Amino acid sequence: MTSATAKANTEAHPSSQAPLPEVRHPEFDFPADLPKYWWDNDPVKTLLLAALSSSFPPGEKFFIDSVRHFQDRITDPELKKAVRAFIGQEAHHSKEHKEFNEFLDQRGIGLARLEREIQGFMDWMRSNLSPERQLAHTVAVEHFTAMMAEDFLLKYDEALEEMDPRIAPVWAWHAIEESEHKAVAFDVYKAIGGSEWTRISEMMFVSVIFPVFTSLHVIQLMKADGQLGNLKSWARAVDYMWGRPGVFRRMIPSYLRFYSPRFHPWNHNPRDMIEKAKRRWLPGY
Ligand SMILES: [Fe+2]
Ligand SMILES: [Fe+2]
């Protein structure tokens, strides 16, 4: 045995550092007196999260199904447990966001058109992509959600603090669980021998469609809300995302790491950040 092989055999798998994702069932009340623009009293920022929220029920169902397709091929007992927890967490996110989307709908932020469009796109992928590429799609989007959870919502308190305090825990809960299960789809992909080309090319595809779709959806919502000409809100949002420091600008190093052949989601270990966020935003869980 070479010394390199011996080292590889004794090194722990990066996911051994991950907590087993915990399926929590927090109860959220969506208050009737919630301001319409509940994030920083700002239309673009609030409608950006509303657009993301509308994508969760159809998107998370797709993620679950793409992982479940390969569930029988997983032999590692730890990964089997993690897959069950991943499915439980994503299913519960969908349920809560569906309720939240209905609540927003009643308050005049119509999300039905967006949900139909996203569902149509998911149906197209199910019909046209191989199961391996569907899983690679999930792996790529899970990296995006982990980046948003860690580098946007959990690392700096400012975004959650700017939200209405009755809504911030919903986003903190989702971010904590996205961070906890960030490697599950990736580990399944590796376990089934998914190709590097498919993983990388799918990330390139997601890197185009995700920002384009999300921007179009925010424009649709702003238009429907009579806010399209609110230049002040657009300028604030662009500065918030791409200015200095800028939330998306801060994510660039994490984003680029995905393209490394040595990438693993748990090469970046956010356990301390998750624990701190749990104490602050989800006391009792
Ligand atoms: Fe989720
Ligand atoms: Fe997820």
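**Group meeting: a helical chain with an iron pair**

E60 is buried, and H93 is buried as well. I start with these two residues since they come back at the metal site. Before that, a caution: this is a predicted model, and every value I quote is computed from it.

Now the metal. Which residues coordinate the iron ion, ligand 1? The donors are E60 (OE), E90 (OE), H93 (ND1), H174 (NE2) and E178 (OE), at 2.0 to 2.3 Å. Written along the sequence, the spacing of these donor residues is E-x29-E-x2-H-x80-H-x3-E. E60 sits in helix α2, residues 43–68, and H93 in helix α3, residues 77–106; the two are 33 residues apart, and the pair links distant parts of the chain.

Next, the chain as a whole. The count is 12 helices and 0 strands. The radius of gyration is 19 Å, close to the 19 Å that the globule rule gives for 285 residues, so the chain is as compact as a globular protein of that length. Along the principal axes, the C-alpha atoms fill a box of roughly 65 × 45 × 35 Å. Of the 285 residues, 53% are buried. Looking at contacts with a separation of 6 or more, 84% come from residues 24 or more positions apart. The accessible surface is about 13600 Å², and carbon and sulfur atoms account for 57% of that.

On to charges. Side chains of opposite charge can pair when their charged atoms come close. How many salt bridges does a search of the whole structure find? It finds 26. I will go through three of them, then a network.

D65 counts as partly exposed because its relative accessibility is 21%, and buried would need under 20%. K61 is partly exposed too, at 44%.

The next one is R113 with E117, 3.1 Å from N to O. These two lie in helix α4, residues 112–128, again 4 residues apart and about one turn of the helix. R113 has a relative accessible area of 48% and E117 has 32%, so R113 is partly exposed, and E117 likewise counts as partly exposed.

Then E275 and K278, whose closest N and O atoms are 3.2 Å apart. Helix α12, residues 271–281, holds both, 3 residues apart, about one turn of the helix.

The network links D40, D42, K45, E162 and R236 through salt bridges.

Last item, the nonpolar surface. V208, V212, F213, L216, I219 and L228 make a nonpolar patch of about 490 Å². I219, one of these residues, belongs to helix α9, residues 196–224.

Notes
Residues are numbered from 1 along each chain as its sequence is written. Chains are lettered from A and ligands numbered from 1 in the order in which they are written. This is a predicted model: local features need pLDDT of at least 70, side-chain atom pairs count only at pLDDT 80 or more; totals for chains, interfaces and linings use all residues. Side-chain values use heavy atoms; hydrogens and water are left out. Patches are made of residues with over 30% relative accessible area and no salt bridge: like charges are joined within 9 Å, nonpolar side chains (Val, Leu, Ile, Met, Phe, Trp, Tyr) within 5 Å. Accessible areas come from the Shrake-Rupley method with a 1.4 Å probe; for residues, only the protein chains shown count as cover. A salt bridge is a side-chain nitrogen of Lys or Arg within 4 Å of a carboxyl oxygen of Asp or Glu. Donors are N, O and S atoms within 2.8 Å of the metal (3.2 Å for Na, K and Ca); water is not among the atoms, so sites may look incomplete. Buried means under 20% relative accessible area, exposed over 50%, partly exposed in between (1.4 Å probe, protein chains only). The radius of gyration is taken over C-alpha atoms; the globule rule is 2.2 Å times the number of residues to the power 0.38. Contact means heavy atoms within 4.5 Å.
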